[in-house]
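Work through the exercises below with the sequence and the model open. Each one has a task and a solution in steps.

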Amino acid sequence: MLEFLSHSKLTITVGLFFAFIFIKVIFGHLLKKKPNDEGVDRRYLFSNIKNALNLFLMLSLVFLWSQELQRFALSIAAFVVAIVLATKEIIQCFIGFIYLSTSAPFRIGDWIQVNDTCGEVAEIDWAKVTLLEVDLNTYSYTGKTTYLPNSSLMLQYVKNLNFMRRYVNHAFDIIREHNDVMPIELISALEKKAASYCSGFKDVAERYNSLIETRLDVKIAGPEPSVKVSTTELGKIKVSFSLFCPTEDAMDIEQRLITDFFYIWNQCLQKQSGDS
C-alpha cells in the first residue's frame, strides 16, 4: 500500500512538471503570436505568469509531499543550523524578491544602474534580476547580459534611469588650446546650431521635461540647449554643451555640434590671420 501511494505521488509529481512546462510554452507561444501593441512590453506579463506558475508548482509539491517532508524535517533537526548557513544566499535572494515585488523600485523595461552596471531590466525571478547592459556614454545596448542576485539589490543603491529611455539631458565638453581665438565669439553661433538641431522635437521635449519635473518634484536642466565657456585647471578653453533631446538622437547631435565647433573655430583663426 505504501509503495502504491509513493508510486502515485511520484507519477503526479512528474505529471505536474510536464504540465508546468506545457503551460509555460503555450503562454509564451500565445504572447508571441498576439499582435504587438505599440508601447506594450509583454516581457512584464510573461514574467508574472512564469512566477505565478512557479509558485503554484511549489505549493502543489509541498502539499502533495507534506507528510514525507514533515518526517524528513524531523529527521534532520540536528542539521538545521548547517542547512540554514548553506542556503543563506538562497534565502536572502528570496527575501530580496519579496522586497522588489512589494516596494517596486523598478519594473521590467526600466533602465537602472547598480554601482557601475547599467542596463534594461529584462527579467525578474526568485533568484536574480537580468539586465541587458547599456552604455551610458552612447545610450546603446552593448550586447552583454548581467545577472544581479536579488540579495545584492537590498545592500546596494539602485538608480532608476527610466526617464532616460526616451529623453536624456546630454552633456559633453570640447577642450582646445587658446590660440588667440575669443571663445565668447563662438557661443552665439553654436547656440543657434544647437537650437536648429533641437527644433524638430522642441514641443515634445518641453512636455516631457515638464512631466519629469512634476513627477520628481525637482527642477532639471532644459529643455532649451545651452553652451557655456570655461577653462580647465591647465588654462585651456573648455566649451560645455547641454542638450535635452531624444536618447536615440543624442550622439548624432553631439557629432554635428563638434563638427560645427571646429568649422567655426577655424573660420575665426582664418579671419584673425587675414586681419593681421
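Predicted model: local features only at pLDDT ≥ 70, side-chain atom pairs only at ≥ 80, totals over all residues.

Residues are numbered from 1 along each chain as its sequence is written, and side-chain values use heavy atoms, with hydrogens and water left out.

**Exercise 1. Describe the protein chain as a whole.**

Step 1. Take helices (H or I, at least four residues) and strands (E, at least two) as DSSP runs, numbered from the N terminus. The protein chain then has 9 helices and 8 strands.

Step 2. Call a residue buried under 20% relative accessible area, exposed over 50% and partly exposed in between (1.4 Å probe, protein chains only). Of the 276 residues, 32% count as buried.

Step 3. Take contact as heavy atoms within 4.5 Å. Among contacts between residues at least 6 apart in sequence, 64% join residues at least 24 apart.

**Exercise 2. Give the strand order of the open sheet and find its edges.**

Step 1. Two strands pair if DSSP finds at least two bridges between them. The open sheet has 5 strands in the order β4-β3-β2-β1-β5, with antiparallel pairing.

Step 2. β4 (140-149) and β5 (158-160) each have a single partner strand, so one side of each is left without a neighbour in the sheet.

Step 3. Strand β1 (residues 111-114) pairs with β5 over 3 bridges in the antiparallel sense. Within this pairing, Gln113 has Lys159 of β5 as its bridge partner.

**Exercise 3. Which residues touch the most other members of the largest nonpolar core?**

Step 1. A nonpolar core is a set of buried Ala, Val, Leu, Ile, Met, Phe, Trp, Tyr and Cys residues joined through side-chain atoms within 4.5 Å. In the largest one, of 32 residues, Leu190, Phe241 and Leu243 touch the most other members.

Step 2. β6 (167-176), α7 (184-198), α8 (202-216), β8 (237-246) and α9 (250-275) each supply at least two residues of this core. α9 gives the most, with 7 residues.

Step 3. Not counting residues up to four places away in sequence, Leu243 touches several residues, among them Phe172, Ala194, Ile253 and Leu257.

Step 4. A second, separate core has 12 residues, including Ile108, Ile112, Val129 and Leu131.

**Exercise 4. Characterise two of the aromatic pairs.**

Step 1. Rings of Phe, Tyr and Trp (its six-membered ring) pair if their centres lie within 6.5 Å; planes under 30 degrees apart count as stacked, over 60 as edge-to-face and the rest as tilted. The structure holds 7 aromatic pairs.

Step 2. Phe97 and Trp126 are stacked, at 5.4 Å centre to centre with 10 degrees between the planes. Phe97 is in helix α5 (residues 88-103), and Trp126 is 29 residues apart from it, in the loop between β2 (117-124) and β3 (128-135).

Step 3. Phe97 counts as buried because its relative accessibility is 12%. Trp126, at 21%, is partly exposed.

Step 4. Phe172 and Phe241 are also stacked, at 4.8 Å centre to centre and 10 degrees between the planes. Phe172 lies in strand β6 and Phe241 in strand β8, 69 residues apart. Both Phe172 and Phe241 are buried.
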